[in-house]
Every structure is written in structure tokens, then in C-alpha cells.
Amino acid sequence: MINSLVTYANYFAKSFFSKEKRHLLVNDYTKWKRYYKLSRDLSVEQKTAGLNSNIGWLKHSQDQMVDDGFGTYRMIEGWTSSYPETSGYIIPTLIKYGIQYKDEDAINRAIKAADWLISIQKPSGGWQSLYIEHDRPEVVFNTGQVIRGMIAAYQQTKDEKYLNSAVKAADWLCGIQNEKGYWEQHVFMGVARVYDSYVVAPMLELYQITKNETYKKAAEKSINWIISEKQKPNGWFADCDNTIKHNDRPILHTISYTIDGMLDCGLLLQNEQYITAAQKAADVLLGKFEKRSYLFGRYDKNWNGKESMITTGCAQIAIVWQKLYQHTNEKKYLYAAQKMNSILLELIDRGDKETTNTKGALFGSFPLWGKYEKFANPNWATKYLADSLLMDLKTTE
């Protein structure tokens, strides 16, 4: 508690004495006070401009690195080193954008990131946790996310080296998976977590390419375990947080990971049980958002919310709603996603006073001093907003 207060005091003090950082604080404070007056229906042109700024910031992030990965900008400490996990799933974002908007630079940057990730792949087939500077051992969740990048790079280039890298990683994951469907080795905090549904979804994509039944079985075991043992009747998930201390009220970020992974598996397998399980949780969050145009950062077993908005989770659940719209054709999902996208775009519209280090990027929390990734622009928040906007704009073509 004391350490946290000292950190916050330090961050606020350093921000107030910097013109650039003070502008960011004032901007978020102003929007926080008038949150319910923010726009709810931005135009296609405004959304396209927002998407372009997202991609521009991701490119800028890559340019700040000594390698070809993507880092995070922290207002006080500056740029981190590259994050292998998120660099992995930024690859498909850049490729989709490059194809949709004929941006060869975006595609080339994605391929460079994929080549870098191959160069740091562990002999086991996995990828490390945390930022590259931490030089950690391989971990399950991060490995699953880099598989996403390898699949996207392979589909774009048809170069077998990316497919071989993904296969090596998936084989490692299958080899250490518990028979019940979860992972307890090489996992964050050393405990099983339901958000590994977001690991098995790309393994299922790999199954569709390779026809290796082992990957399909791994995905089915994982989702079956979540539904049978970890999902409550009201749709909430046990063992869903990325901490031990707050596991009774997981963050929206990991809740959304869990829902999205389950939904993708259901859609890929045409398994209505999986789709319904994902939809149950997504519908609860939809109902809350429809009532208040706001989602909290954490939710307990009764779906009672607390803590500041986590922008990453908001963008992620907007993606889920759009997938459900595509599956069901129910407009409520599309309307909610479009409203969420408009709100998030309002948050990154900070005028002309900010620098390229933050322009086009989401802060981890709103307001930026919220507990999750405080005073920072995690690259995954901006990545997920870009993904959601790509879907939104594709729908309105």
C-alpha cells in the first residue's frame, strides 16, 4: 500500500512538471469528468483516421526498438524493450491492415517482426515471458500468441519457416498440457488459468492448416475443462485473473481473452456449446454496457464491477461482440461494438500538443492513472483497438 502511494506520488509529481505529460493528465481528467458526454457515433472517416493513427503508433513503437519487435511507452520511464508475446499478435493486425488499406510498409514490418521472433524462439519451441530484456524462460500463454503471428506470416508469404516455427511451438504446448486440458507447467504464476482458451484458439487454426488432430484435441480438452469446471451458471469464470491476490475479481482484459478464445474455438469447430458458453459471458457485459456505456476494470463472481476502465479489455470485448454479430446477425452486438469503438477513439483524440510517443495510442486504463498499466501505453491496448476498428470498418464498407 505504502509503495503504491509512493509510486503514484512520484508519477503525478513528474507529470505535473512536464508540459507534455501535464497535457495528457489534464486531457484525461477533462474527459473523465465529462465521460457520459463523449461521442457515441463517429463517422466512417473519423474511425478510419483513428485506425490510421493506431497503426502509425504501432509503427512508431517498432521504430523505438533495437530489434524488430514492439514495445510499450511509459510516461515516466520511457520506452520498454520489445515484448515477444504482443509482438506475435500484432503481426496479424498489421497484415490485415496492410491488405485492407494497401499498405506494404505495414506488411513488411509484420514480416520483420516474425523473422525476429523466429530468431529468439527457444529450443523447446516456446517463447519467453515478459519483455525481451527480462530474458525469461518460455511460457505457455505468450507462446500461443506468437503462434498467431507465425500463422499470419505463413499465410501472407507461404514461407514454410513460419509454419515450421508454429508447429514446433504447438508441439511443445501439446507435450506439456495436462490430461484434463489445462497447463500447470511453464505458466505465469505457476497456476492454471482459463484465459489459456486464447492459447488453444490459434492451435485450432494450425490444425486447419496441418490437419494434425493433436492440436484439435488439445483445444477441445481445454475448452471442455473451462466449461465443465470453471464457468459458473451466470457465465463468470473462476481462475481468470492474472494475479493470485485478485483472482476473485478478474480484470476485463483476461475475461475477454477467455471469452474470445472460447468463441473462436466454437466458431472454428462449429460447436454450439462453446459458442453459447462464450456468448453467455459476453451477453452479461453487453447488458452492463448498454445500461451505462461503461465497463469496470474488474468483475466478481456476481458480475459486480469495480476499478477504473481497462481500455484493452473494452476493445477486446468489442471484438467479441462483432464476432457474435457476424454469427447471429443480431444488431445489438454491432451497435454496442460501434459505440465502444467511438468512445475509445474519443480517448485517443488529445489534440496537437502530444508527441509521437503517445499520438494514436490508448493508455492502459482510463483515466490514465488507473491501476492497470498506469501512466503507460501498452502496445496491446492499441493493437486491440485497431483490430476492432478493422472489423467495424469492414462491416460498414
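Colleague: Which residues line the largest cavity?

Modeller: First, a caution: this is a predicted model, in which local features need pLDDT of at least 70 and side-chain atom pairs count only at pLDDT 80 or more, while totals for chains, interfaces and linings use all residues. Residues are numbered from 1 along each chain as its sequence is written, and side-chain values use heavy atoms, with hydrogens and water left out. The largest cavity is lined by V139, V140, F141, V187, F188, V191, R193, Y195 and D196.

Colleague: What counts as a cavity, or as a pocket?

Modeller: On a 1 Å grid over the protein atoms alone, a cavity is a set of points where a 1.4 Å probe fits but cannot get out, whereas a pocket is an open set with protein on both sides within 12 Å along at least five of seven lines; lining residues have an atom within 4 Å of a point. Grid points are joined across faces, edges and corners, and a volume is the space filled by probe spheres set on the points.

Colleague: How many cavities of 30 Å³ or more are there?

Modeller: The search of the whole structure finds two. The largest has a volume of about 60 Å³, and its lining holds seven nonpolar, no polar and two charged residues. Here Ala, Val, Leu, Ile, Met, Phe, Trp, Tyr, Cys and Pro count as nonpolar, Asp, Glu, Lys and Arg as charged, and the others, Gly among them, as polar. The second largest cavity holds about 50 Å³, and among the residues lining it are D28, T311, R350 and F366.

Colleague: Switching topic: in what order do the strands of the open sheet come?

Modeller: The three strands come in the order 2-1-9, with antiparallel pairing, where two strands pair if DSSP finds at least two bridges between them. Strand 2 (78–79) and strand 9 (376–377) are at the edges, each with a single partner strand, so one side of each has no neighbour in the sheet. Strand 1 (residues 73–74) is joined to strand 9 by two bridges, and Y73 has N377 as its bridge partner there.

Colleague: Which peptide bond is cis?

Modeller: The bond from F366 to P367 is cis, with omega near -5°, and P367 is found in the loop between strand 8 (365–366) and strand 9. Most peptide bonds are trans, and most residues other than glycine have a negative phi.

Colleague: What is the phi of M189, and what about N329?

Modeller: M189 has a positive phi of about 70° although it is not a glycine, and N329 likewise has a positive phi, of about 65°.

Colleague: Are those two buried or exposed?

Modeller: M189 is partly exposed, with a relative accessible area of 31%, while N329 is exposed at 55%. Buried means under 20% relative accessible area, exposed over 50%, and partly exposed in between (1.4 Å probe, protein chains only).

Terms used. Helices (H or I, at least four residues) and strands (E, at least two) are DSSP runs, numbered from the N terminus.
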